[in-house]
Amino acid sequence: MHQLQALVGAELDDDLLLEQTGGLLEGRLVQWYPGHIARAERRLKEQLGMVDVVLEVRDARIPMSTCHSQLAKWCGTKPRLLLLNRVDMISESDRSAWTRHFKQQKTPVLWTDGVSGLGSGQVRKAALDASVAINAKRRNRGLMPRPVRAVMIGFPNVGKSALINRLLNRRVCRSAPKPGVTRDLRWNRLGSDLDLLDAPGVIPASFTDQQAAQRLAVCNDIGEASYIDSLIAASLLDTLTALPSARSLRRRLAQRYDVEFSEDMTAEDYIAAVAEAKCQGEDERAAQRMLKDFRVGALGRIALELPPGF
Ligand SMILES: Nc1nc2c(ncn2[C@@H]2O[C@H](COP(=O)(O)OP(=O)(O)OP(=O)(O)O)[C@@H](O)[C@H]2O)c(=O)[nH]1
C-alpha cells in the first residue's frame with residue numbers, strides 16, 4: 001500500500017490552503033492545520049442548518065470514498081437525497097450492482113451526469129416533492145409557503161456546480177476539472193419553488209482512510225499538491241487489477257500504451273515500462289498520462305469501487 005503524501009511544503013499561502021480544503025484533509029494535515037479544518041466543518045454545519053433538503057453528491061466511480069461519514073448524523077431527520085454523479089463514467093453493470101446495493105439498503109439514489117444533464121429533471125422533482133411536505137407543515141403553523149431550500153453537498157470536484165448549472169439550465173456556478181473551485185456559498189433560485197445552495201467541496205476532518213484518500217486523488221477529487229503522481233498512478237493500477245474485470249482492463253492498458261501488463265509485473269514495474277516505451281524513461285510523466293487517461297475516460301467506463309461482496 002502506498003502512503004499518500006500529506007502536504008510537505010511549508011510555504012502554504014491562503015490560496016493553496018483553500019485549494020486544499022478541497023484538498024487532502026488526511027490525518028497528518030488535520031493535525032497541522034486544525035483551525036482550518038475546524039472552520040470548514042463549522043461552515044458545513046451552518047449550511048445544513050439553513051436548508052430543508054440536503055442533496056448529497058458522490059462520485060459514481062467511488063461512492064464509498066466520497067461518502068461523508070458525519071453527514072447522516074448532522075442531517076438528523078432532514079430529508080437527504082443521494083445523487084451519484086458521473087454516471088457516464090461507469091459501466092452499465094457497475095451501475096446495476098450499485099443500484100441493487102442501495103435498493104437493499106433502502107437508500108433512494110438518483111443517477112446524474114452533470115455534463116449532459118441526465119437525471120437533473122428527477123433531482124428537481126425529488127427536491128420539489130420534499131417542499132410539499134415542508135410547506136404543508138408551514139401552513140399548519142399559520143406560515144406562508146416559501147421556496148424549498150436545498151444544498152448540494154459533497155467532496156471537491158464531484159460535480160456539484162455542474163449539476164446546479166444543469167438544473168438551472170444556465171451557467172451560474174464555476175465548474176472546472178480540478179478540486180476546490182467553489183469557494184463561496186451561493187444561493188440560486190430555480191423557478192419559484194426551489195432555492196439551491198452551492199457549497200465548497202468538503203472532506204471530513206476525521207478522514208484518515210489511506211485507501212479512500214488515494215482513490216480521491218486518482219479521481220482528481222483532491223488538490224494535486226497533496227500527492228506524488230507515480231504513487232497515485234500505482235494505486236490506480238493496483239485497484240484496476242483487483243477488479244472483477246481485471247483481465248480485460250490489462251488488455252485495454254496494453255492496447256493503449258503498447259506495453260503488456262503481465263500478471264507478474266507490479267504496478268511500479270508497469271509504470272516504469274510505459275515510461276521507458278513512451279516517456280523517455282520518466283516515470284512521473286507516464287504516471288500523469290495514465291491518471292489523465294483514467295480521468296477523461298480513455299481507459300473505459302470504470303467504477304473503482306463496487307458494493308461489498310460483489
Ligand atoms: N464526465 C463527467 N464530468 C463531469 C460530470 N459532472 C461534472 N463533471 C466535470 O467535472 C469537473 C468538476 O465539476 P464541478 O461541478 O466543478 O465540481 P464541484 O463538485 O462543484 O467542485 P468543487 O468546486 O471543488 O467543490 C468539471 O470539469 C465538470 O465539467 C459528470 O457527470 N460526468
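**Entry 1: the core**

I kept in mind that this model is predicted. I began with the largest nonpolar core, which has 66 residues. Which of them touch the most other members? I found Leu55 and Ala150. Then I checked which element gives the most to this core, and helix α9 (residues 229-240) came up, with six residues. Where does the core lie? Domain 1 (15-198) and domain 2 (228-295) both give residues to it, so the core lies between them.

**Entry 2: Ala150**

I looked up what Ala150 touches, skipping residues up to four places away in sequence. The list is Val51, Asp52, Val53, Leu55, Ala127, Leu194, Leu196 and Leu197.

**Entry 3: the annotated site**

Next I turned to the UniProt record, an unreviewed entry. Its "binding site" annotation covers Asn85, Arg86, Val87, Asp88 and Gly201. I picked two of these to look at.

Asn85 sits in strand β2 (residues 80-85). Is Asn85 buried or exposed? It has 28 C-beta neighbours inside 10 Å, and 20 or more make a residue buried, so Asn85 counts as buried. Leaving out neighbours within four places in sequence, its contacts include Val57, Asp59, Thr112 and Leu163.

Val87 is in the loop between β2 and α5 (92-104). Val87 is buried too, because 23 other C-beta atoms lie within 10 Å. With neighbours within four places left aside, Val87 is in contact with Ala60, Arg95, Trp111, Thr112, Asp113 and Leu118. I noted that Ala60 and Thr112 are on the contact lists of both Asn85 and Val87.

Conventions: Residues are numbered from 1 along each chain as its sequence is written. This is a predicted model: local features need pLDDT of at least 70, side-chain atom pairs count only at pLDDT 80 or more; totals for chains, interfaces and linings use all residues. A nonpolar core is a set of buried Ala, Val, Leu, Ile, Met, Phe, Trp, Tyr and Cys residues joined through C-beta atoms within 7 Å. A residue is buried if 20 or more other C-beta atoms lie within 10 Å of its own, exposed if 12 or fewer, and partly exposed in between; C-beta atoms are placed from the backbone. Helices (H or I, at least four residues) and strands (E, at least two) are DSSP runs, numbered from the N terminus. Domain bounds come from an automatic or database domain assignment. Two residues are in contact if their C-beta atoms, placed from the backbone, lie within 7 Å. UniProt positions are given in the numbering used here, feature names are shortened, and annotations may be inferred rather than shown by experiment.
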